[in-house]
Amino acid sequence: MPQANAALLETEEQRDLRAAVAALGKRYGREYFTGVVAEGKHTDELWAEAASLGYLGVNLPEEYGGGGGGMSELAIVLEELGAAGCPLLMMVVSPAICGTVIARFGTEEQKGEWLPGLADGSRKMAFGITEPDAGSNSHRITTTARRDPASSVAESGEGDWLLSGRKVFISGVDIADATLIVGRTEDERTGRLKPCLFIVPRDAAGFTRSPIDMELAAPEKQFELVLDDVRLPADALVGGGDGEDAGLLQLFAGLNPERIMTAAFAIGMGRHAVDRALDYARTRTVWKEPIGSHQAIAHPLAQAHIELELARLMMAKAAALYDAGDDMGAGEAANMAKYAAGEACAKAVDQAVHTLGGNGLTREYGIASLITASRVARIAPVSREMVLNFVSHQTLGLPKSY
Ligand SMILES: Cc1cc2nc3c(=O)[nH]c(=O)nc-3n(C[C@H](O)[C@H](O)[C@H](O)COP(=O)(O)OP(=O)(O)OC[C@H]3O[C@@H](n4cnc5c(N)ncnc54)[C@H](O)[C@@H]3O)c2cc1C
């Protein structure tokens, strides 16, 4: 695929980063990724090498071993790895959501404990908000934490937490050292439940996971989680004592990076699909000229390229607003970028598979599995309909039906 001319939009450092990550991705390539999936393994080698080069922690603060950059840089890393056929889904959750939330809201102890490992890739953290009865409607989550009155009171005067509930579709819990769980606690004054984020270690007693059988060819698995009175120390709450009132803010801080990174994931995958289709269309000849000369093949690919470029522009805007500290402005742009990227990716993959004719469905060419993968960005972390709802209500001021 023609390299997007990003000279006007990206700094020299960002362009260098893009080129370096693209070169790394090319060394691994799609065959590495599909091989890992076929063997039921994980992309450990690529994860470790990308981490050692500083790419996975590029957004995290320098004082904790990160690169001191922002979401703009992290999105470049994910997009380029995806364009090379090696999308690292855990980047969306570990450095982007969890790293951001801890860097912005964690206590000094939490930052010291987690950020260096998240930055150098030696530790990973999953993120769990979705529940069986609260998918698109996160106001309905019922995972609840209460203080254990019987627990020994820590020095801070705060006892242990007991966290109970169920989560579903949570990615990478088996390979993550901990999962950042969105739960709720009761406000002592009003009795109302308010969101709170807890760091739950993978092997905590009462924390069980079962893999969900997904039709998705990816190294990261999705899990259903049960939290049965999981005992957590007071400092498992992000932000410590202050975290009880800052949960909503923390959540919003994590959701914008999640949407921006999902856009990067989708744009990378869409670019990879178009690339594969172009390679094929340039050479496959069944009449006088290669099939790419037929406008019925060329125009939809041109359209896919344009739509991916437009989505990328919106992603860059969202990342720039986020990195500038404008959480509100970034919210709208990040939703729009996620929407545009999800749609562009699904369309690009569909056209790529079609371009390859029968070979689009062979295992040898291996692009049919992208059809399922490309749907992820339409559904998660927020479905296209919920983004349309957000824009209808927040941007256009239309009334709500639900
Ligand atoms: C591969 C994968 C990985 C995931 N990883 C994670 C993860 O790591 N952590 C995590 O917390 N979650 C994760 N999720 C969950 C994901 O965020 C949810 O699937 C998503 O939020 C949608 O929720 P749901 O599946 O319950 O769909 P539902 O909420 O049941 O929605 C079903 C359909 O109804 C539509 N709909 C619902 N409400 C409305 C409305 N008001 N107006 C119009 N349409 C509506 C939706 O758009 C959708 O099309 C993952 C999902 C997938 C597929």
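Biologist: Let's start with Ser72. Leaving aside its neighbours within four places in sequence, which residues is Ser72 in contact with?

Modeller: Gln14, Ala319, Ala320 and Asp323, once you skip the neighbours within four places in sequence. Keep in mind that this is a predicted model. Ser72 itself is found in helix 3, which covers residues 71-83.

Biologist: Is Ser72 buried or exposed?

Modeller: The cut-off for buried is under 20% relative accessible area. Ser72 comes in at 16%, so it counts as buried.

Biologist: And how far is Ser72 from Glu186, C-alpha to C-alpha?

Modeller: Those C-alpha atoms are separated by 37 Å, and the two residues are 114 apart along the chain. Compare that with Thr355 and Tyr280: 75 residues apart in sequence, but 7.7 Å apart in space, C-alpha to C-alpha.

Biologist: What surrounds Thr355, then, not counting residues up to four places away in sequence?

Modeller: Thr355 touches Ala277, Tyr280, Ala281, Ile291, Ile297 and Leu301, with residues up to four places away not counted. Thr355 is found in helix 8 (residues 327-355). Its relative accessible area is 3%, which is why we call it buried.

Biologist: How do I read the nonpolar core?

Modeller: The general idea: in soluble globular proteins, nonpolar side chains tend to be buried together. Here the largest nonpolar core has 115 residues, and Met91, Phe127 and Val200 have the most contacts inside it. Helix 6 (residues 243-283) gives the most to this core, with 17 residues.

Biologist: Take Val200. Which residues is it in contact with, leaving aside neighbours within four places in sequence?

Modeller: On that count, Val200 is in contact with Leu163, Ala178, Thr179, Ile181, Phe207, Leu227, Val230 and Leu232.

Biologist: What about charged side chains? Where is Lys194 found, and which side chain does the side chain of Lys194 make a polar contact with?

Modeller: Lys194 is found in strand 5 (residues 193-201). Its relative accessible area is 15%, so it is buried. Its side chain makes a polar contact with the side chain of Asp245, at 2.7 Å. Not counting residues up to four places away in sequence, Lys194 touches Gly183, Arg184, Thr185, Asp187, Glu244 and Asp245.

Biologist: Now Glu10: what does its side chain pair with?

Modeller: A polar contact of 2.6 Å joins the side chains of Glu10 and Arg18. Glu10 lies in the segment before helix 1 (12-38), and it is buried because its relative accessible area is 13%. Leaving aside neighbours within four places in sequence, Glu10 is in contact with Arg15, Arg18 and Ile76.

Biologist: How should I read backbone angles?

Modeller: Most residues other than glycine have a negative phi, and most peptide bonds are trans. In this model, Asp229 has a positive phi of about 45 degrees although it is not a glycine. Asp229 is found in strand 7 (residues 222-232) and is partly exposed, with a relative accessible area of 34%. Phe169, another residue that is not a glycine, has a positive phi of about 65 degrees. Phe169 lies in strand 3 and counts as partly exposed at 46% relative accessibility.

Biologist: Which peptide bond is cis?

Modeller: The one from Ala380 to Pro381, with omega near -10 degrees. Pro381 is found in the loop between helix 9 and helix 10.

Biologist: On to the ligand. How many residues surround it, and which are the closest?

Modeller: 20 residues surround the ligand, and the closest are Thr130, Ser136, Phe169, Ser383 and Glu385. That shell divides into eleven nonpolar, eight polar and one charged.

Biologist: How much of the ligand's accessible area does the protein cover?

Modeller: On its own the ligand has 980 Å² of accessible area, and the protein covers 68% of that. The elements giving two or more residues to the shell are strand 1 (125-128), strand 3 (161-171), helix 9 (369-379) and helix 10 (384-395).

Note on methods
Residues numbered from 1 in each chain as written. Predicted model: local features only at pLDDT ≥ 70, side-chain atom pairs only at ≥ 80, totals over all residues. Heavy atoms only, no water. Near = heavy atom within 4 Å. Areas by Shrake-Rupley, 256 points an atom, 1.4 Å probe, with all protein chains shown as cover. Helix = DSSP H or I, 4+ residues; strand = E, 2+ residues; numbered from the N terminus. Nonpolar A, V, L, I, M, F, W, Y, C, P; charged D, E, K, R; others polar. Core = buried A, V, L, I, M, F, W, Y, C linked by side-chain atoms within 4.5 Å. Buried < 20%, exposed > 50% of the residue type's maximum accessible area, 1.4 Å probe, protein only. Contact = heavy atoms within 4.5 Å. Polar contact = N/O pair within 3.5 Å; in protein donor to acceptor, adjacent residues only side chain to side chain.
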